[in-house]
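Thanks for coming. I will take a few minutes to go through one structure with you.

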Amino acid sequence: MRTTDVRVRRAITAVAAGRPVVLTGDIDGDGYLVFAAQAATPRLVAFTVRHTAGYVRVALPGADCERLNLPPMCHRDTPYCVSVDVRGTGTGISASDRARTIAALASAESNASDFLRPGHVVPVRTGVHGVLGRWGAAEAAVDLAGLAGRRRVAALCEIVSPRRPALMARGAELVEFAVEHGLAVVSIGELAAYRRRIEPQVVRLTEATLPTWAGDSRVIGFRDVYGGGEHLAVIVGLVSAGVPVPLHVHIECLTGDVFGSRECRCGGELRGAMASMSAHGGGVVVYLRPSGPPRACGLFAGGDRAHGDLMSDTLTWILRDLGVYALRLSDDMPGFGLVMFGAIRERGITARTWVAAG
C-alpha cells in the first residue's frame with residue numbers, strides 16, 4: 001500500500017473514532033486541527049482552543065447552510081456564514097458551549113430556529129465536490145468526516161506555533177505537534193489523490209461504431225466527473241479479454257492532430273499508432289481532452305504543457321471501465337506518456353512495450 005494512502009487511512013480512522021487530526025497543505029501554508037463535528041466534546045474543543053488561534057469554524061455543505069438559514073457573513077462571495085450559538089447555552093464562548101453548538105450544527109435533527117445569531121462559532125460553506133472541486137482546508141475537513149462515516153460536517157482551526165505564539169505553526173512544527181500529542185497527519189494533496197484513486201473520475205457518456213481510416217472502430221465517449229474534460233476511447237479491430245492490449249495514449253493537440261502541424265510530433269504519433277494497430281489486428285487509443293484551454297503546440301502559450309496525476313487518474317479509470325488491465329505500450333511515447341504509464345502501473349495495470357508503425 002502507498003505510504004500516502006496509509007497516512008490518509010490513519011487520519012480517517014482517527015476521525016471515525018472521534019479524535020482530532022492535523023491537516024497540512026493549505027494554500028497559505030497553515031496547518032489545522034480538524035475533527036468531526038458530531039464528535040465535539042468540551043474536552044476536545046478545549047484542546048483545540050488551547051493549541052490553535054481559537055477562531056473555531058465548522059465546515060458544512062451548502063445544503064445544510066440553506067436548511068439552517070446560515071447566510072454569508074458579509075457578501076455573497078465569501079464561504080463564511082453568520083456566526084451562531086445553539087439556544088440554551090450560556091455566554092456561548094466556553095468550550096462546553098461551543099461543543100454544544102458544533103454538535104448541533106452537525107445534527108441532521110437541528111433546524112434554523114435552534115440557533116441564535118450572531119454567536120461564537122462560524123459556519124463555513126464548502127464546495128459541492130470537496131477537495132476535488134475546490135482546494136481548501138474546509139473541503140478537506142468535510143471529506144475526512146465523510147470518509148470516516150460521519151456526517152460531512154467538521155470543525156477546524158489553525159494551529160499556533162509553540163515556539164512563536166504570535167505566528168501560526170508551519171512545516172516541521174506541525175509534525176512535531178502531531179507527534180507530541182499522538183495525532184495523525186494528512187495533507188490536502190494526499191487526501192485529494194486518495195479520493196481520485198478510490199472514486200471513479202470519469203463517466204461513460206456514449207458509444208458508437210465509426211468508420212475510420214484504420215477500419216471500423218468502436219468509439220466510447222467519457223466525461224470527467226469533476227473537471228468537465230471529455231475523452232474518447234477508440235477500439236481498433238479486435239481486442240480479446242485476457243490478452244495484453246496495444247495502447248496509445250494521446251493528449252489532444254489541435255494544431256498537430258487536425259492541421260498536421262510539423263511544429264510537433266503529436267499528429268504523426270497518433271497516425272502511426274493507429275496504423276500499427278490496424279496492421280496488427282487491434283488496439284486501443286485513449287484520446288484525452290483536458291478541460292480548460294486547448295492544447296495546441298506552437299500556437300497557445302503553454303500548449304505543449306505536460307499533464308500529471310490528473311490525467312493519470314483519468315486514464316486509469318477509463319481503462320478500468322473498458323476492462324483493460326494488461327497493456328502493450330508504444331515505445332516512442334512523449335514525456336507525459338511515460339509519466340502516465342508509470343502511474344497506471346502503480347494502480348495494478350501491467351504493461352510492456354510495443355513498436356508503433358512510423
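Predicted model: local features only at pLDDT ≥ 70, side-chain atom pairs only at ≥ 80, totals over all residues.

Residues are numbered from 1 along each chain as its sequence is written, and side-chain values use heavy atoms, with hydrogens and water left out.

The protein chain has eleven helices and 14 strands. Helices (H or I, at least four residues) and strands (E, at least two) are DSSP runs, numbered from the N terminus. Of the 358 residues, 51% are buried; buried means under 20% relative accessible area, exposed over 50%, and partly exposed in between, with a 1.4 Å probe and protein chains only. Contact means heavy atoms within 4.5 Å. Among contacts with a separation of 6 or more, 68% are between residues 24 or more positions apart.

Now helix packing. Two packed helices are described by the angle between their axes and the distance between the axes. Axes here are lines fitted to C-alpha atoms, for helices over the stretch in contact, and angles run from 0 to 180 degrees between N-to-C directions.

Helix 1, residues 3–16, packs against helix 5, residues 137–147, at about 75°, with the axes 8 Å apart. The two are therefore roughly perpendicular. In this scheme, under 35 degrees is roughly parallel, over 145 roughly antiparallel, 65 to 115 roughly perpendicular, and the rest oblique. From helix 1, Ala 11, Ile 12 and Val 15 meet Leu 144, Ala 145 and Leu 147 of helix 5. By class, that contact has six nonpolar residues, no polar and no charged. Ala, Val, Leu, Ile, Met, Phe, Trp, Tyr, Cys and Pro count as nonpolar, Asp, Glu, Lys and Arg as charged, and the others, Gly among them, as polar.

What does helix 1 do with helix 7, residues 188–198? Their axes come within 9 Å and cross at roughly 100°, so this pair is also roughly perpendicular.

Next, rings. The structure holds one aromatic pair. Phe 47 and Phe 177 are 6.3 Å apart, centre to centre, with 35° between the planes, which counts as tilted. Rings of Phe, Tyr and Trp (its six-membered ring) pair if their centres lie within 6.5 Å; planes under 30 degrees apart are stacked, over 60 edge-to-face, and the rest tilted. Phe 47 is in helix 2 and Phe 177 in helix 6, 130 residues apart. Phe 47 is partly exposed at 22%, whereas Phe 177 is buried at 6%.

Is Ile 318 buried or exposed? It is buried, at 0% relative accessibility. Ile 318 lies in helix 10, residues 309–322. Beyond its neighbours within four places in sequence, its contacts include Val 202, Phe 222 and His 231.

Last, the backbone. Most residues other than glycine have a negative phi, and most peptide bonds are trans. The bond from Arg 117 to Pro 118 is cis, with omega near -5°. Asn 69 has a positive phi, near 55°, and is partly exposed at 47%.
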